Amino acid sequence: MRPTGIIKTIDLGDGKPPIVIETGVLAKQADGSVTVRMGDTILLATVVATKDAREGIDFLPLQVEYREKFSAAGRFPGGFFKREARPSDHEILVSRLVDRALRPLFPDDFHGDTQVQIMLMSTDKKNHSDALACLAGAAALAVSNIPFDGPVSEVRVARIDGRYVINPAAGEGERADLDLIVAATEKDILMVEGEMKEVQEADMIEAIKVAHTAIKTHCRVLNELSAAVPKSQVKRTYQHENNDAGVEKQIHDFCYQRYYDLALQPSSKEQRSENFAKVKEECLATLTDEQKADKAMLARYFKKVQKKAVRNVVLDKGARLDGRRTTDIRPIWCEVDMLPGTHGSAVFTRGETQAINTVTLGSSLDEQTIDLATRKGSENFMLHYNFPSFSTGEVKPIRGPGRREVGHGNLALRALKPVIPSAPENPYTIRLNCDILESNGSSSMATVCSGTLALMDAGVKIKAPVSGIAMGMISDGNRHAILSDILGDEDFLGDMDFKICGTAKGITATQMDMKVDGLPYEVLAQALEQARQGRLHILGEMLKTMDSPRADYKPHAPRIVTFEVPKESIGPIIGPGGRVIQEIQAETGAQISIDEVEGRGVVEIASDNKAALEAAVTRVKAIAFPPQAEVGATYKGKVKTIMPYGAFVEVVPGTDGLLHVSELDWKRIERVEDVIKEGEIIEFQVTGKDPRTGKLKLSRRVLLPKPEGWVEREPAFEGEGREHRDRGDRPRRDRGPRRD
């Protein structure tokens, strides 16, 4: 018998199906589990946490895993093994969105291993599951006894035809000029991420407000759900940190002023690290062996006092670690065409952050195949971000891209995607590959800036150049200091980290994480305006290096020609088993693809050799729009097939004719192979058309000198001739009337 679950419902209004949350039925051995349903899209979310922390752990080992089951959409996974394997980039990005909303709400001193798993179990392909993932994870925590300062939730907000829509259905978002995922508690915004089509800062703030209104409803329902589950009312106790107030005060008294004074002295990242480490060593020398026994506790106290000192320097003096004022941008230099073998390249350096970006141009055959449970298709614009360990002077094993690299690359891709032109202005598949060579703050924004320059260096006619800036904020509740172009240290020390990308006209992408409660919208508006000014300054520095795309692509970049052909020509162009198209590609060296689009054929031909491109275009068009062979005209064509009685020769592309053995020469020929070979180009004349088959009749001998004294043999009777010899028949002699 099915257990009786606890059910709560969130009514979204606007004609949308309600969100139904149920607990107490599935996965009951987890610390918390729920199903979240909207329409026929169903998520199962579970959470489990260890009661004790592992030895030496002084942070929260939180894992958030979002997975989509292919069975949810009634599909088989692609690949050989036909089962779900490593998470896709999409699943990683959704996991990051949920992680960034949940992580700040766990207690600072809670270090138990915690795992949140969210699985898409069913999809109606209409209601997006990624907009429900955080709600599901937060609901699982709400019904558990794990310490958590929730509730929290996320929604998608899109502006469609001028109207803000919460959790739009699949297909609706294609018309949106703003698409954000917003996470918040009932009181505060925690996280914002999304893409826009050059919108204004005020529009983005309005979208956040609309999203927050919907999230407040989610949070009230989660509180009701939690109250209905007795287990969640008594949170588990834990002791994951040791504390010693005396040692903490001793470290504070020794280090605070020294750290404060060092923060007032402009320094590089390396020098600053050495100076702070020296103060720490001097302080440790004043502690007893017993006081130094708990290294994790000491590390917390040193970080705490250092953070307090540096933050107060910013709030008291308006001074930053590298000597800049709050609105200053670090020095910038850029260079394009550094790597001549690529189709486009650029280096962007801002302070101690440096990125090198390369562009590769390809045809539609190079598109990225997308095979997800909820989506199948392809992408013709890719951006890959790499963060090698040498960029921060560290030694680490070389692995595949991590979640951070996937997330940073996605942000840069979202920033640049709105300015990539579509066909026919841009016929290419484009891949940007960015390697971070130095890092001290906002390498993702350096990826955006270097990507813009690399695209222009490649000759891609982007709609407008895009720049990006990372902003921070430090607040003590009464005072706010907004920092432009933050350092890595300022990211760690600050209360807000947000990145804004856009053109001179407006915002194209954003990523924002809040680490402080109660940020007024007025302060957010001030931060966005300061970000706009900084972004425009960076854009101006970029444009000093290159202010518009090159007039043409690099000489070694592939050229692509796209044209339409009649639908009925697709088969002849491809040929039996692909023989014709493969032959053209092999002989010209060009790359050819053909698709049927809306009842017509679309051919794409690519090559980095102009002559090869033109040859392939000529041959394909000759098949699609075949010229008519004229009787009496002379042609050159390839011998396609040799038979005992003659050869089939290509007259014009797509049209063959029969060159009978008797038409090879004036003299008698026993074997066709003695005169011509398959694949040979020969000259011939079209002499007529077979009335029975419609095949063209060809002759080679008419172009050769006629032997002296040649006498044309008359056929023995009407009907004797090549038509019979073609079949190997002999003329029937008249033997009189048949007998019955």
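# Chat: helices, rings and a few side chains

User: Helix α8 first. How many residues of α8 are buried?
Analyst: 16 of its 16 residues are buried, so α8 is largely enclosed by the rest of the structure. Keep in mind that this is a predicted model.

User: Where does α8 run, and what does it span end to end?
Analyst: α8 covers residues 443-458. Its first and last C-alpha atoms lie 22 Å apart, close to the expected 22 Å.

User: What comes just after α8?
Analyst: G459 does, with a positive phi of about 90°.

User: Switching to α4. How many residues does α4 have?
Analyst: α4 has 19 residues, 245-263. From first C-alpha to last, α4 reaches 25 Å.

User: Where is the kink in α4?
Analyst: The kink is centred on C255 and is about 35°. C255 is also one of the buried residues of α4.

User: Which other residues of α4 are buried?
Analyst: V247, I251, F254, Y256, Y259, Y260, L262 and A263 are buried as well.

User: What do the buried residues of α4 pack against?
Analyst: They pack against two helices, α5 (269-284) and α6 (295-317).

User: Which residue caps the N-terminal end of α4?
Analyst: D244 is the cap. One of its side-chain oxygens lies 3.0 Å from the backbone nitrogen of G246.

User: New topic, rings. How many aromatic pairs are there in the whole structure?
Analyst: A search of the whole structure gives nine. One of them joins F80 and F81. That pair is edge-to-face, with 5.3 Å between centres and 85° between planes.

User: Are F80 and F81 buried or exposed?
Analyst: F80 is exposed, and F81 is too.

User: How do Y256 and Y260 sit along the helix?
Analyst: Y256 and Y260 are four residues apart in α4, which means about one helical turn separates them. An α-helix has 3.6 residues a turn, so residues three or four places apart point the same way. Both Y256 and Y260 are buried.

User: Which residues do ring pairs link into a cluster?
Analyst: F106, F110, F148 and Y238.

User: What lies over the face of Y521?
Analyst: K209 does, 5.1 Å from the ring centre. Y553 has a lysine too: the charged end of K461 sits over its ring, 5.0 Å from the centre.

User: Now D513. Which strand is D513 in?
Analyst: D513 is in strand β21, residues 507-514.

User: Why does D513 count as buried?
Analyst: Its relative accessibility is 15%. The cut-off for buried is under 20%, so D513 qualifies.

User: What does the side chain of D513 make a polar contact with?
Analyst: The side chain of R100, at 2.9 Å. Setting aside residues up to four places away in sequence, D513 touches R100, L190, M191, D495, M496 and D497.

User: There's another arginine, R300. Where is the place of R300?
Analyst: R300 is in helix α6. R300 is buried, with a relative accessible area of 19%.

User: What does the side chain of R300 reach?
Analyst: The backbone oxygen of N242, at 2.6 Å. Beyond its neighbours within four places in sequence, R300 is in contact with E241, N242 and N243.

User: Off the helices now. Where does V419 lie?
Analyst: V419 lies in the loop between α7 (403-416) and β17 (429-438). V419 is buried, with a relative accessible area of 2%.

User: How are V419 and E198 placed, in sequence and in space?
Analyst: They are 221 residues apart in sequence. In space, their C-alpha atoms are 9.4 Å apart.

User: What is V419 in contact with?
Analyst: I462, K463, A464, V466 and T503, leaving aside neighbours within four places in sequence.

User: Last one, α13. What should its 15 residues span?
Analyst: α13 (residues 610-624) should span 21 Å at 1.5 Å a residue. Its end C-alpha atoms are 21 Å apart, which agrees.

User: Which residue caps the N-terminal end of α13?
Analyst: N609, with a side-chain oxygen 3.0 Å from the backbone nitrogen of A611.

User: And which residues of α13 are buried?
Analyst: A612, L613, A616, V617, V620, A622, I623 and A624. The buried residues of α13 pack against helices α11 (570-574) and α12 (579-588), and against strands β22 (559-565), β23 (591-597) and β24 (600-607).

Key: Residues numbered from 1 in each chain as written. Predicted model: local features only at pLDDT ≥ 70, side-chain atom pairs only at ≥ 80, totals over all residues. Heavy atoms only, no water. Expected span 1.5 Å × (residues − 1). Bend = angle between axes of the 7 residues up to and from the residue. Buried < 20%, exposed > 50% of the residue type's maximum accessible area, 1.4 Å probe, protein only. Contact = heavy atoms within 4.5 Å. Polar contact = N/O pair within 3.5 Å; in protein donor to acceptor, adjacent residues only side chain to side chain. Phe/Tyr/Trp six-rings, centres within 6.5 Å; stacked < 30°, edge-to-face > 60°. Lys NZ or Arg CZ within 6 Å of the ring centre and 35° of its normal.
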